[in-house]
Amino acid sequence: MNGKIEKAIARVVEHGQFILGPEVGSLEEQLAQFSGCRYAVMCANGTDALLLVLMAWGVGPGDAVFVPSYTFAATAEVVALAGATPVFVDIDPSDYTMDRASLAKAVPYAVELGLRPAVVVPVDLFGHPANYPLLEEVSRRHGLRIVADGAQSFGASADGRRVGSLTEATTTSFFPSKPLGCYGDGGAIFTNDARLASTLKSLRMHGNELGRYVRIGMNSRLDTLQAAVLLEKLGILSEEIRSRQRIADFYANTLADVAVVPAVRAGVESAWGQYTIQVEERDAVRDHLQRRAISSAVYYPEPLHVQPAYALFPFSPDGLSNTSQLSAQALSLPIHPYLSEPDQQRVVREVRQAITTGAKL
Ligand SMILES: *Cc1c(COP(=O)(O)O)cnc(C)c1O
């Protein structure tokens, strides 16, 4: 184990304030500063972070919440848990984040269905911030709120502003495989809105405010031990993202002629939570890599709108064709910050071989 993290853990064991200890407050300050927003509120995980925001905004039955179908289940799950209706929206095929035109059509469609359009939850898929200025044009026109699901993008930026300060509220996850991962579960919410921040702090502690229960909340605190780990890891996050960027550049330069490689918008620095290419014969390429002990992953083999628990919820009236295509062709390659150059070269060699031989061997 990294010596600094070990010492930070030992300090927590020594002072014994395992819940909401001093490290949690320090981390909230440092994360807010890092992301360029006024408030960071720590909570137990990235799923709760989203749910807490919906609860704070009073989202419930009759409300439509617009979410991509091409995302991790938690993005839509929290909407249903809040009693509202997830309405699925397509993604832009270039960077896999929410498509503005699909959202613009989904909003009046939700009204036709008798729902009240309430919130949009764009997802910074694979580490690329969604196009908030563009999505805000739609949300402003219809009076919708936006909460960004930044579970995969903490540390990324757009036009010089970091995730956490790109829209009115942002959530993230510190699950170990995310760009900033702790040694268990963790999450946070970022906002400039003082009232939202204080409601969230109450909601994460059973609705308590100054010793009284003023609202129905939940138990969603971050363990002090995780805060201690995150304080240490935050210090090296920028360096780790630079190294992911170098790997992404290498993959783009060596794979663009045989596969569709991810494109980020001008002004965006992705956190590269995943490096996801599109290939026909995806499953065969994946088998080829697996036989050579190269780990790859498919995010997401089945989009949410066809999963049993979500199949009855509405989706944007023009359909979700980009989502379906991505589900069939997306393949995520290894991109952790400590992947050696020889390992990167081996990944490229095998991917190229799998594709150029038709991967039918
Ligand atoms: C990981 C993830 C979440 C949930 O975070 P947890 O900390 O695992 O609860 C939510 N949304 C997206 C897009 C994710 O990738």
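The second largest pocket of this predicted model has a volume of about 350 Å³, where a pocket is an open set of points on a 1 Å grid over the protein atoms alone, at which a 1.4 Å probe fits and protein lies on both sides within 12 Å along at least five of seven lines; points are joined across faces, edges and corners, and the volume is the space filled by probe spheres set on them. The model is predicted, and totals for linings use all residues, whereas local features need pLDDT of at least 70 and side-chain atom pairs count only at pLDDT 80 or more. Residues are numbered from 1 along each chain as its sequence is written, and side-chain values use heavy atoms, with hydrogens and water left out.

Lining residues, those with an atom within 4 Å of a point, number 21 in the second largest pocket, and S177, R244, G273, I335 and H336 lie nearest its centre. Among the DSSP runs, which are helices (H or I, at least four residues) and strands (E, at least two) numbered from the N terminus, α8 (224-255) and β14 (330-333) each supply at least two residues of this lining, and α8 gives the most, with three residues.

The largest pocket has a volume of about 430 Å³. Of its 22 lining residues, F72, A151, Q152, F175 and K178 are the closest to the centre. The elements that give two or more residues to this lining are α3 (46-56) and α4 (74-81), with the largest share, three residues, coming from α3.
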